[in-house]
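Please open the model in your viewer and keep the sequence panel beside it. The stops below say what to select next and what is to be found there.

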Amino acid sequence: MKRAHRWAVVAALFLAAAGAASAGGELRMVIRSEPKNLHPLKASDEASELIRYFTSGALIRLNRRTQQFEPWLASQWRLEDGGRRIRFRLRDGVRFSDGTPFTAEDVAYTFRVLLDPATASPSADAFLSGGRPEVRVLAADQLEVNFPKPIAGIERLFDQLAILSARSPNGETAVLGPFLLAHYEPGSYLLLRRNPHYFQRDERGVRLPYLDAVRLEILQNRETELLRFRRGQIHLIANLDPELYLRLQAERPDWLHNSGPSLEAEQLWFNLAEAAPIEPYKKAWFRSAYFRQAISHALRRQDYCRIVYRGLATPAAGPVSPADRFWFNRNLQPASFDPGRVRRLLEQAGFKLEGGKLRDSQGHAVEFSLVTNAGNRNRERLGAMIQQDLAEFGIRLNLVTLDFAALIERITRTFQYEACLLSLANLDLDPNSQMNVWLSSGSHHAWNPNQKAPATTWEAEIDRLMRAQAAALEPSKRKALFDRVQQIVAEQAPVIYLVHKNVLSAVRPELRNVEPAAVPPQLCWNIERLYLVERR
Amino acid sequence: MNRGRRRLAMVVLLVVLAALLGMLPRAAGTYDRQFRDAPGARPSARFLLGTDELGRDRLARLVLGSGVSLALAPAAALLSVALAAVVGGGAGLAGGWVDRAMAAGTDLFLSLPWLFLLISVRAWLPLNVSPWASVLVTFLLLALLGWPATARVVRACAASLRNSDLLLQARACGCGGARLFLVHVLPNLRAVLRAQFWIAVPVFILAEANLGMLGLGVAEPLPSWGNLLRDLEDYDGAIQRPERLAPLLLLVVVMSLLQMLFEREDFSA
């Protein structure tokens, strides 16, 4: 009897806890810059994209944890006609935040707005890559989108497509996401309120989201963010710096999450652009694969992880992080520090060490500059460590920190630089989103952009492989082709990949259901299921 | 201030400078060496002030950084004050339209958006400059940009001298503009120029630290008081590791001693 009584108490407590999950509350977090555009189809910066994610509904959603696509506003989808057509069946009974019913007409309208040049949507280019798609409404709950050419990995595009209402008098402010924008105080905060018509329910039939509101405070200073987190004024910090992470670890280790390597890679590349205003003999160094490989093997990546990132980073083997479970090439290993190999490679490239200085075959001392952005302490430290590593081989490196806008101007327009140290994040897991990085004609082909014809045979090979993977529909075939691209990049080292820093975050214990992931929004991707409990 | 305290200040300053000078040769050889087995080490017999995040000896960096800042910040301050003396003193002495034109020029110079101009200046500079060249360029820029505020003060003092009996007599004796300025005005501005000089030195040291954020500061791996003070951005770290406060302490001590060397009455015009 006593035992039964104890179980009843436990059951009551469980029910009370379950009740707390739907008790509401206001989640408070920080965004580090002002959102540049609140129109869901025009979001391009991090803050705007986060607001789009919280307020908009998509047909298909990428589960950031499993990295698999799952039905969202569409209950089913099917690829047909060799990948040229995608057919959706929509969920029943879904309504926009103002009560307007959601139908296939809304999807068709969204496409019209998206593809209208006047909208200038950054998402439109991806849909237009195979020609202009056509949307055909088959019924109120069925539609198909026809593409002139098959687009591999088409589902990922629909994860980022916010559906607008064709009939709501409130225009784009009528949303299908878990929250709606209630108030915006520029320079201060944004308040998102619970969408009373949100379509999702939990396993117990409770309508989601659990939270009543989300308050996004605009704050740049990370020290202030940490201070407010400690005081309980904000509930979470995403993308914690290793230094701040370790500081918090000493106080509250149970509040911290280390989710392993991020999708971001710190990387170094040489300027191989034809039009670059640098001395011809330096261009010759940078064009030598032996020289680039020697530099790669002269770097102590383990030290960078241990010292700069306090052990909270992983040496990088290539452009794809191990966090991208499907596309990461597991056969690649990070270039190891190997002094013997460095000397052999430099000799093969015609360099020789004289009086502690490395000289090329014409007698020029090897000295070059490495530009990076000012104000990023970790990157500056990384640069200083690279400086010492290369000095061991008689190479003098001048580290130059520049204002970010000036740096971008140099690496994308004037090409007045010799080598650059920056990080690049492949936030979209699919390689199709990186076509402009890998194609020699691409504007983001860092080391030599906008080429009319591939400058080297290996770049021509990368072009061919990237086009082939974009046209293939079988994931395994695409993976094999992209693995080969990663292999070529590792062999030729046009970009020297250094480290993937870890995804570090801090969450207060009153916030529940947080499942950190590598893909943004890392901490809040399941925002509709987060809830707050009262702290005693 | 009594003479005894000034003497004491002089002695302490000389001791500090001698100690820095004595340690300089060793520091010059080790300031950039990264002891990767001991990053962020606490003070010990091996590293008296511990090591920084990259394992570099903090003491060696402090000694060399002090040398850089103590040599170049006063040099930049001197150049800046000299420019201010010529512009401000000339304007105050000449009066009339020359004064108005120079004052307007100074005001215009003060109102320029320096942040953006500095970014542009950095864009014009070549990338492949040695750290020593970068440090010279940084302090030269500070000198060339730091004179207008001082020029205003100097102009006001020179203007008050313009109709003084002293200058009236000098003019009556046939003194020309240049002689009047060099022999009669400048000596009378000496106190205010000296005061402005000592104000400019710490300001330039701190400005150099801020310029680092624009990529204009002293380049890695060269240390300066400015970039050593950036360690204090991490407030918690500075509290837990008081050895990080050493550059700040040294800056305060040296600047206080330098101020103590000049009596209050020296600064009155």
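Begin by selecting the place in chain B where B:Val87, B:Gly90, B:Ala91, B:Gly92 and B:Ala94 of α2(B) meet B:Gly96, B:Val98, B:Asp99, B:Met102, B:Ala103 and B:Thr106 of α3(B); two residues are in contact here if their C-beta atoms, placed from the backbone, lie within 7 Å. By class, this contact of α2(B) with α3(B) has 6 nonpolar, 4 polar and 1 charged residues, where Ala, Val, Leu, Ile, Met, Phe, Trp, Tyr, Cys and Pro count as nonpolar, Asp, Glu, Lys and Arg as charged, and the others, Gly among them, as polar.

Before going further, note that this is a predicted model, in which local features need pLDDT of at least 70 and side-chain atom pairs count only at pLDDT 80 or more, while totals for chains, interfaces and linings use all residues. Residues are numbered from 1 along each chain as its sequence is written, and chains are lettered from A and ligands numbered from 1 in the order in which they are written.

**The helix pairs of chain B**

Now show the whole of helix α2 (residues 58-94) and helix α3 (residues 96-111) of chain B, which pack at an angle of about 150° with their axes 7 Å apart. That angle makes α2(B) roughly antiparallel to α3(B), the cut-offs being under 35 degrees for roughly parallel, over 145 for roughly antiparallel, 65 to 115 for roughly perpendicular, and oblique for the rest. Axes are lines fitted to C-alpha atoms, for helices over the stretch in contact, and angles run from 0 to 180 degrees between N-to-C directions. Helices (H or I, at least four residues) and strands (E, at least two) are DSSP runs, numbered from the N terminus.

Next select helix α8 (residues 177-211) and helix α11 (residues 246-260) of chain B, whose axes come within 10 Å and cross at roughly 170°. α8(B) is therefore roughly antiparallel to α11(B). The contact is made by B:Trp198, B:Pro202 and B:Ile205 of α8(B) together with B:Leu251, B:Met255, B:Leu258 and B:Gln259 of α11(B), and its residues divide into 6 nonpolar, 1 polar and no charged.

Zoom out to chain B as a whole, which has 11 helices and 0 strands. Its C-alpha atoms fill a box of roughly 75 × 50 × 30 Å, taken along the principal axes. Of the 269 residues in chain B, 35% are buried, a residue being buried if 20 or more other C-beta atoms lie within 10 Å of its own, exposed if 12 or fewer, and partly exposed in between, with C-beta atoms placed from the backbone. Among the contacts in chain B with a separation of 6 or more, 70% join residues 24 or more positions apart.

**Where the chains touch**

Which helix gives the most to the side of chain B that touches chain A? Display both chains, and you will find 22 residues of chain B in contact with 26 residues of chain A. On that side of chain B, α4 (114-124) and α10 (235-240) each supply at least two residues, and α4(B) gives the most, with 3 residues. By class, the side of chain B that touches chain A has 11 nonpolar, 5 polar and 6 charged residues.

**Inside chain A**

Colour chain A by pLDDT, the predictor's confidence in each residue, from 0 to 100. Its mean pLDDT is 91, and 95% of its residues reach 70 or more. Among the elements of chain A, helix α1 (residues 2-20) has the lowest mean pLDDT (48) and helix α9 (residues 289-298) the highest (98). Over residues 11-20 of chain A the pLDDT is below 50, and this stretch has 1 contact in the model beyond near neighbours in sequence. Where pLDDT is low, the predicted coordinates should not be read in detail.

Then select helix α2 (residues 46-55) of chain A, which is largely enclosed by the rest of the structure because 7 of its 10 residues are buried. The buried residues of α2(A), including A:Leu50, A:Ile51 and A:Phe54, pack against β1 (26-31), β8, β9 (189-194) and β10 (213-218) of chain A.

Finish in the loop between α5 and β8 of chain A, where A:Ile163 is found. A:Ile163 is buried, with 27 other C-beta atoms within 10 Å, and the residues it touches include A:Leu59, A:Leu73, A:Val107 and A:Leu176. The C-alpha atoms of A:Ile163 and A:Pro40 are separated by 8.5 Å, although the two are 123 residues apart along the chain.

Methods:
Lists of a residue's contacts leave out its neighbours within four places in sequence.
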